[in-house]
Amino acid sequence: MKNKNSLLISTLTASLFLSQSLMAETTKNDNNSSSIVGSKDIAYVPYIFSTDSTGFAGGVGVIKQGFLQPHTTALATLFYGTEQDIITNNKSDTANFSGGFAAIFDYMIPGSDRVLFSIMGLKSYFPKAHYYIYDRSNDSDENDYVETSGDSDFVYATLKYVLPMGDGLNNPEGHYILNKGFVVGRENYGGGKPFITGRTSLGISSFYEHNTFENYLPGSPHSSNGLKDWNTNGLRFFVEHDNTDYDLNPSRGYQFKLQYSKDFGWGDSEQTWDFLEFKYNHYIDLPTFSFTQQNVLAMSFWTGYSFSWEKNNLSVDDHRPPPWEGARLGGMFRMRAYDTNRFSDKAAIYGTAEYRAILDWNPFRKNEYIPVAIDWLQLVGFVEAGRVNDTYNGDLFQDMKFDAGVSLRAMAAQVPVRIDVAYGDEGVNFWVMVFQPFDF
């Protein structure tokens, strides 16, 4: 067993976090609570990060809150990395991480008060991207990955309709009032009857993803064995329900989401595929200790299955999702001790439990040298279990992968930020990310 330490602050993640940090302005109302109600016209955000795939890199983002509408945010960023030594088709070379990202979030469609539109796009070049394309099953070898330079691009566009029921009736945009990082006025919310209370949304999302593999010659170390690119596009259809007291850091209640994704084979798509997934999160408010402000038991269950995937003896199975889609485990959200998208197959199952304790102690609350408001610190212990399989049956509960870890989190500029360290049988991984890990 070898230890691995990887620091990942994705370009999108860093940009979004810093945009929240710089844009948020807090005003007080009569009950001494606070909410994000205003912003600077425009903010310029420098940032740096380092990953195994990019090397040391940095960039600058431009963020505009109130773009076209008062509650719409626009973001654009460019980034560039230091020169990396690479091997491409048995030849030594150098390459630099580079690219750009742009997005518009939560634009209310004119003429509607509950249809939200979001769009984001990434154009990037990675010098050392890792893909588990061929050996990626539950019993696969961690060293059998494809390491290649190449493009990684995507465009996602989403329309979401918030149903006029429960919390969505009068608050379709999901605005909350916070006081020192805790939601106020929501004491009687969280855990009510599904669809009668809580916020329910129906949505459709289009996607286009383009990845190239420059290290493709068979016989080259970690090559893609002749596969030069993988393009996919299609639609996702989803229904989601949030019945918590506060979606960014819930203390009670539950959330669930059912989503179906389909590549119809349009345009330059590599092949058709589909994937059905379901996720359920549950939160239990626990008694506090003398040194804590809030204790929560947070649990999450996720499962999915690709009906279209057909096994064959060719290099790539017919009608399977690409390695970054479908039934996959590993990375900053599910099975954090393993590399990103380390395991993938037709079916997957995953469960986790976290004990989250917000401390009374917070040395950063009134620190004048920190430009971002740090409302609280949270200590977390977590365990995870999961498995992928070529059939959706009882084998998913046999020979499962396990890991455990600890996390330090903070509410910074009204956004949760986390540093996770996870240990499993393939070593240790270290992640830096925004938002709680139960991606929703």
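Is Phe 264 buried, exposed or partly exposed, and at what relative accessibility? At 34%, Phe 264 counts as partly exposed. Buried means under 20% relative accessible area, exposed means over 50%, and partly exposed lies in between (1.4 Å probe, protein chains only).

This is a predicted model, in which local features need pLDDT of at least 70, side-chain atom pairs count only at pLDDT 80 or more, and totals for chains, interfaces and linings use all residues. Residues are numbered from 1 along each chain as its sequence is written, and side-chain values use heavy atoms, with hydrogens and water left out.

**View 1. Phe 264 belongs to a nonpolar surface patch.** Phe 264 sits in the loop between β13 and β14. Strands (E, at least two residues) and helices (H or I, at least four) are DSSP runs, numbered from the N terminus. The patch is formed by Leu 159, Ile 204, Phe 237, Phe 264 and Trp 266. Together they have about 430 Å² of accessible area. Such areas come from the Shrake-Rupley method with a 1.4 Å probe; for residues, only the protein chains shown count as cover. Patch residues have over 30% relative accessible area and no salt bridge; nonpolar side chains (Val, Leu, Ile, Met, Phe, Trp, Tyr) are joined within 5 Å, like charges within 9 Å.

**View 2. Strand β13 pairs with β12 and with β14.** β13 spans residues 253-263. Eight of its 11 residues are buried. Strand β12 (residues 229-244) runs antiparallel to β13, and 10 bridges join them. Strand β14 (residues 273-286) is also antiparallel to β13, over 11 bridges. Two strands pair if DSSP finds at least two bridges between them. Phe 256 stands opposite Tyr 280 in β14.

**View 3. Glu 240 and Lys 257 meet in a salt bridge.** The N to O distance is 3.9 Å. A salt bridge is a side-chain nitrogen of Lys or Arg within 4 Å of a carboxyl oxygen of Asp or Glu. Glu 240 is in strand β12 and Lys 257 in strand β13, 17 residues apart. Lys 257 is also the bridge partner of Glu 240 in β13. Glu 240 counts as buried at 11% relative accessibility. Lys 257 counts as buried at 18%.

**View 4. Gln 271 is buried in the loop between β13 and β14.** Its relative accessible area is 14%. A polar atom of the Gln 271 side chain lies 3.0 Å from the backbone oxygen of Asp 317. The backbone nitrogen of His 319 lies 3.1 Å from a polar atom of the Gln 271 side chain. Beyond its neighbours within four places in sequence, Gln 271 is in contact (heavy atoms within 4.5 Å) with residues including Trp 230, Asp 263 and Arg 320.

**View 5. Arg 136 and Asp 345 form a buried salt bridge pair.** The N to O distance is 3.8 Å. Arg 136 lies in the loop between β7 (115-131) and β8 (146-162), and Asp 345 in strand β17 (residues 343-345), so the pair ties together parts 209 residues apart in sequence. The whole structure holds 20 salt bridges.

**View 6. Phe 195 and Asn 225 have positive phi values.** Most residues other than glycine have a negative phi. Phi is about 70° at Phe 195 and near 55° at Asn 225. Phe 195 lies in the loop between β10 (182-184) and β11 (199-212). Asn 225 is found in the loop between β11 and β12.

Definitions and conventions: A polar contact is a pair of N or O atoms within 3.5 Å; within protein, one must be able to donate a hydrogen and the other to accept it, and residues adjacent in sequence count only if both atoms are side-chain atoms.
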